[in-house]
Amino acid sequence: MAWFKRETQGIITTTEEKKEAPDGIWNKCPQCKKPLHYSEQVENQYVCHYCGFHLRIGSKEYFSILFDNNEFTELYPNMVSGDPLNFVDTKKYTDRLTETQFKTGLKDAIRAAVGKIDGQDIVIACMDFNFIGGSMGSVVGEKIARSIDYSIEHKVPFLMISKSGGARMMEAAFSLMQMAKTSAKLALLSEAKVPYISLLTDPTTGGVTASYAMLGDINIAEPGALIGFAGPRVIKETIKKDLPKGFQTAEFVQEHGFLDFIVDRREMKAELAAFLKMMKN
């Protein structure tokens, strides 16, 4: 009757000997809830291979996907926000900036770089949602403006990747002025006949949508991206009506004429290369 008794000790692992999986190795798809291994995410360009959901990523990942061999020269990397209003909410704005810079390793909510896509020169400015919700402050506007100046000077096409909750409230009117500033710079880019491609990702909202995100010679979005000005809840409470199904998704926005294309991230580099060649010729 030995099978009813444990004659030898079972496998016992002490707490000290247990090994935890490193953070970031596994992720869960927000849509289908299936587990995704980091290596699978990288291989599939951060798109769920089960349901096609596009995971939110930042400038580091976009640069690795789009630039040939992930080779690029970063532009204006050391720009940081000031605190012109001495703003304080639950904490000082300066403390919030320092904390977010330490946590994310970013200087602000945007990075810009020059490199090549399929052998063709391009300047890419990409927003990072992890930095205070990708909010548009003075640094975001200034870095976009300087990147446009670089594109005009060197006759290099400009790609803007937007991912933002809108203007940065801690900078108030200084933030809102970036809408006019970047729009004016894009007008100069158009006069110089240098192509501008705008890529809208999830989410692109607020003052970013109301300015540079919608001013591209070609406006592209990723599938399922949230694109709008005010949020759905605010709109619903204002008009006192239920909103259409899929309201403010990329597909809805394209159907109503605000987007030219919706492109899967896995095909993005090839599509952008084709656009650049078409514009060049």
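Tutor: Let us begin with contacts, meaning heavy atoms within 4.5 Å. Of the contacts in the protein with a separation of 6 or more, 67% are between residues 24 or more positions apart. This is a predicted model, in which local features need pLDDT of at least 70, side-chain atom pairs count only at pLDDT 80 or more, and totals for chains, interfaces and linings use all residues. Residues are numbered from 1 along each chain as its sequence is written, and side-chain values use heavy atoms, with hydrogens and water left out.

Student: How many helices and strands does the protein have?

Tutor: Helices (H or I, at least four residues) and strands (E, at least two) are DSSP runs, numbered from the N terminus. The protein has 9 helices and 9 strands. Its C-alpha trace spans about 90 × 50 × 45 Å along the principal axes.

Student: What percentage of the residues is buried?

Tutor: A residue is buried under 20% relative accessible area, exposed over 50%, and partly exposed in between (1.4 Å probe, protein chains only). Among the 281 residues of the protein, 42% are buried.

Student: Which residues of helix H2 are buried?

Tutor: The general idea comes first. An α-helix has 3.6 residues a turn, so residues three or four places apart point the same way. In H2, which runs over residues 59–66, the buried residues are Ser 59, Tyr 62, Phe 63, Ile 65 and Leu 66. They lie on the same side of H2, because they cover an arc of only 165° around the axis; the arc is that of the directions from the helix axis to the C-beta atoms. Their cover includes strands E3 (72–75), E4 (110–117), E5 (120–127), E6 (158–164) and E7 (196–204), together with helix H9 (265–280).

Student: At what angle do helices H4 and H5 pack?

Tutor: Two packed helices are described by the angle between their axes and the distance between the axes. Axes are lines fitted to C-alpha atoms, for helices over the stretch in contact, and angles run from 0 to 180 degrees between N-to-C directions. Helix H4 (residues 138–154) and helix H5 (residues 172–191) pack at about 10°, and their axes are 8 Å apart. H4 and H5 are therefore roughly parallel to each other, a description that applies to angles under 35 degrees, whereas those over 145 count as roughly antiparallel, 65 to 115 as roughly perpendicular and the rest as oblique. Residues making the contact include Ile 144, Ala 145 and Ile 148 of H4, and Phe 174, Leu 186 and Leu 189 of H5.

Student: Is Ser 147 buried or exposed, and which residues does Ser 147 touch?

Tutor: Ser 147 is in helix H4 and is buried, at 0% relative accessibility. Not counting residues up to four places away in sequence, Ser 147 touches Tyr 76, Ala 112, Val 123 and Phe 158. By contrast, Ala 187 in helix H5 is partly exposed, with a relative accessible area of 38%.

Student: Where is Ser 162 found?

Tutor: Ser 162 is found in strand E6, and its relative accessibility of 0% makes it buried. Leaving aside neighbours within four places in sequence, its contacts include Met 127, Leu 199, Val 208 and Tyr 212.

Student: How many disulfides are there?

Tutor: A disulfide is a pair of cysteine sulfur atoms within 2.5 Å. By this rule the count is 0. For Cys 32, the nearest cysteine sulfur is that of Cys 29, 3.6 Å away, and Cys 32 is in no disulfide. Cys 32 is partly exposed, at 26% relative accessibility, while Cys 126 is buried, at 0%.

Student: Which residues does the UniProt annotation "zinc finger region: C4-type" cover?

Tutor: According to the unreviewed UniProt entry, that annotation covers residues 29–51. UniProt positions are given in the numbering used here, feature names are shortened, and annotations may be inferred rather than shown by experiment. The end C-alpha atoms of residues 29–51 lie 9 Å apart, and the span is 26% helix and 13% strand.

Student: Which residues does a cis peptide bond join, and where is Asn 86 found?

Tutor: Most residues other than glycine have a negative phi, and most peptide bonds are trans. Here a cis peptide bond joins Asp 202 and Pro 203, with omega about -10°. Pro 203 is found in strand E7. Asn 86 has a positive phi, near 50°; Asn 86 is found in the loop between E3 and helix H3 (93–104) and is exposed, with a relative accessible area of 62%. Ile 132 also has a positive phi, of about 50°, and is found in the loop between E5 and H4.
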